[in-house]
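Here is a short briefing on a ligand site and one of the helices beside it. Have a look at the sequence and the structure, then read on for the contacts.

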Amino acid sequence: MNEPIEEPGIVVRAMRPDDAGRVLAIYQEGLDTGQASFETTAPTWAQFDAAKLGRHRYVAAEAGPSGEVLGWIAAVPVSDRCCYSGVVEHSVYVSLRAQGRGVGAALLSALIASTEEEGIWTIQSGVFPENTSSLRLHAKAGFRTVGVRERLGRLNGRWRDVVLLERRSPRVL
Ligand SMILES: CC(C)(COP(=O)(O)OP(=O)(O)OC[C@H]1O[C@@H](n2cnc3c(N)ncnc32)[C@H](O)[C@@H]1OP(=O)(O)O)[C@@H](O)C(=O)NCCC(=O)NCCS
């Protein structure tokens, strides 16, 4: 994605190092819901920066003068085997107060565009079955449910299922 995406009231642009504080705060806010991930503590910026693919990280910001960051999306490779070089796993987090206004959908569109431009053919994600807003967001963006992985891990002592989602690009052939 070369040009910023503009949705009403929202600008999606490449993530910058000076977004770190806001990105990690939104990350922690999502983790605190207990519905986003098995993780409970956001990484440091150094850990985040080292893990996430540099060309496929975006933030959504208020279009107005505040430019406040409302959400972010980023991806990691699933494997270093070359047969899986076009398969990534993403994370998307939107500030609680900005949810339900299309921020997640705009971020997902940006990620789909930039990964397809680079020949990445599959984006996958694991979502808790209870996270209905995430399931709906991804279904609308063309992700399909591969299956439900049962009691895959424990969060706060409780076994949780994970819905494995994937989007196979129709453009990368
Ligand atoms: C999941 C998440 C990224 C969705 O972002 P968002 O900006 O709220 O999503 P959008 O506004 O683009 O809406 C996407 C769809 O989800 C629905 N939705 C959004 N929030 C919802 C909620 N709290 N409950 C039910 N549905 C919801 C929207 O209605 C929309 O569907 P529709 O267009 O058919 O109405 C956001 O809720 C979030 O960051 N949650 C915490 C972190 C997290 O769980 N991340 C995902 C980890 S897999």
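In this predicted model, the side chain of Arg-136 places an N or O atom 2.9 Å from an oxygen atom of the ligand. On its own the ligand has 910 Å² of accessible area, and the protein covers 77% of that.

**Backbone contacts with the ligand**
- Val-92 has a backbone N or O atom 2.8 Å from a nitrogen atom of the ligand.
- Gly-100 has a polar backbone atom that lies 2.8 Å from an oxygen atom of the ligand.

**The shell around the ligand**
- The ligand is surrounded by 19 residues, and the closest are Val-94, Gly-102, Gly-104, Asn-131 and Lys-140.
- At least two shell residues come from each of strand S5 (87-94), helix H3 (103-117), strand S6 (122-127) and helix H4 (132-140).
- The biggest share belongs to H4, which supplies five residues.

**A closer look at helix H3**
- Most of H3 is covered, with eleven of its 15 residues buried.
- Among the buried residues of H3 are Val-103, Gly-104, Leu-107, Leu-111 and Ile-112, and also Ser-114, Thr-115 and Glu-116.
- After H3 comes Gly-119, which has a positive phi near 85°.

Note on methods
Residues numbered from 1 in each chain as written. Predicted model: local features only at pLDDT ≥ 70, side-chain atom pairs only at ≥ 80, totals over all residues. Heavy atoms only, no water. Near = heavy atom within 4 Å. Polar contact = N/O pair within 3.5 Å; in protein donor to acceptor, adjacent residues only side chain to side chain. Areas by Shrake-Rupley, 256 points an atom, 1.4 Å probe, with all protein chains shown as cover. Helix = DSSP H or I, 4+ residues; strand = E, 2+ residues; numbered from the N terminus. Buried < 20%, exposed > 50% of the residue type's maximum accessible area, 1.4 Å probe, protein only.
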